[in-house]
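Biologist: Could you walk me through the labels used for this one? I'd like to hear what stands behind each of them.

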Amino acid sequence: MNNDSPFSSEYDIGETTDIKVSQESRDKTIISDGIRKLIEDDIQYKLSKPRRKIIRAKIIDDKS
Amino acid sequence: MIKVKIGKQAKISQGDVYKDTEFLEYAIEKNGIVEFSKIVFPYVVVLTQDCDLNQDYTVRWSRNTTSNQDKKLFSVIVAPLYNVEHFYVGEHLSELNMSMMKINKKKTDGKKLRQNKTPRYHFLEFPEKVPIIPSVIDFKHYFTVNVEYLKKHKRENFVCQLSALYREDVSQRFCSFLSRIALP
């Protein structure tokens with residue numbers, strides 16, 4: 001888990017998703033504009049609130 | 001609707017609004033691992049008196065040297081601004097796992113809030129040229145920030161400054177809130 005991230009868990013965009021597969025390439029999955037907007041709005045919603053960031057660092061002995 | 005100044009000065013001023021300001025919750029070291037916890041507030045407003053900020057600026061950064069550091073500040077008082085729509089439903093601190101009191105925006109408590117008749121809070125509606133939606137300052141959540149950090153932070157994160165009467169109104173209400181006395 002990346003504790004530096006303002007959101008600490010994988011996104012849950014709901015029980016149903018609307019993922020369109022490009023007709024041009026079946027290997028690519030294109031997230032529909034609607035879902036992208038939902039995700040962006042969700043990010044903005046969370047970023048507009050105070051959020052905690054935890055940073056950890058290991059002390060390395062200076063042996064010089 | 002309040003009035004603001006968009007122009008930026010180098011010096012920190014009362015009424016300055018900054019984005020993404022960090023508050024250091026704690027810093028601990030255990031078994032060779034250092035852990036810092038910071039809370040990032042989307043918007044804060046500076047509450048420290050302007051005369052104190054002016055004098056601190058002179059001591060630190062003016063070309064005229066002072067004979068002592070008597071007027072130097074250690075930190076600046078700020079308070080967070082919360083999105084009023086989140087605030088009404090008590091969800092403005094949900095990312096910190098804090099559930100807050102709800103205020104019904106259509107009833108008396110909501111009206112009193114917007115009329116700035118609730119001592120703990122100060123409601124601000126910004127003009128259209130400022131990218132902040134109507135917000136509420138919670139005086140109870142004031143904290144302090146290191147002066148030098150805030151001056152550097154201002155360069156990229158200054159949003160606006162509340163105009164003269166509006167910042168004085170906030171300052172006066174903040175002082176009243178701090179000096180309140182609860183009688184039995």
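Modeller: Here is how the terms work out, one question at a time.

Modeller: First, the ground rules: this is a predicted model, where local features need pLDDT of at least 70 and side-chain atom pairs count only at pLDDT 80 or more, while totals for chains, interfaces and linings use all residues. Residues are numbered from 1 along each chain as its sequence is written, chains are lettered from A and ligands numbered from 1 in the order in which they are written, and side-chain values use heavy atoms, leaving out hydrogens and water.

Biologist: What makes A:R51 and B:D20 a salt bridge?

Modeller: The term asks for a side-chain nitrogen of Lys or Arg within 4 Å of a carboxyl oxygen of Asp or Glu. Here the N to O distance is 3.7 Å, so the pair qualifies. The count between chain B and chain A is three salt bridges. As for the elements, β2 (16-30) and β3 (33-46) of chain B each give two or more residues to the side that touches chain A; strands are DSSP runs of E, at least two residues, numbered from the N terminus. β3(B) gives the most, with 10 residues.

Biologist: How do you know that β3(B) pairs with a strand of chain A?

Modeller: Two strands pair if DSSP finds at least two bridges between them. Strand β3 (residues 51-58) of chain A and β3(B) have eight bridges, in the antiparallel sense, so they count as paired. A:R51 turns up again here, with B:V40 as its bridge partner in β3(B).

Biologist: What does the figure for the area buried between chain B and chain A stand for?

Modeller: It's the accessible area (1.4 Å probe) that the two parts lose on being put together, summed over both. For chain B and chain A that comes to about 1900 Å², with carbon and sulfur atoms giving 53%. By contact (heavy atoms within 4.5 Å), 24 residues of chain B meet 16 residues of chain A.

Note on methods. Helix = DSSP H or I, 4+ residues; strand = E, 2+ residues; numbered from the N terminus.
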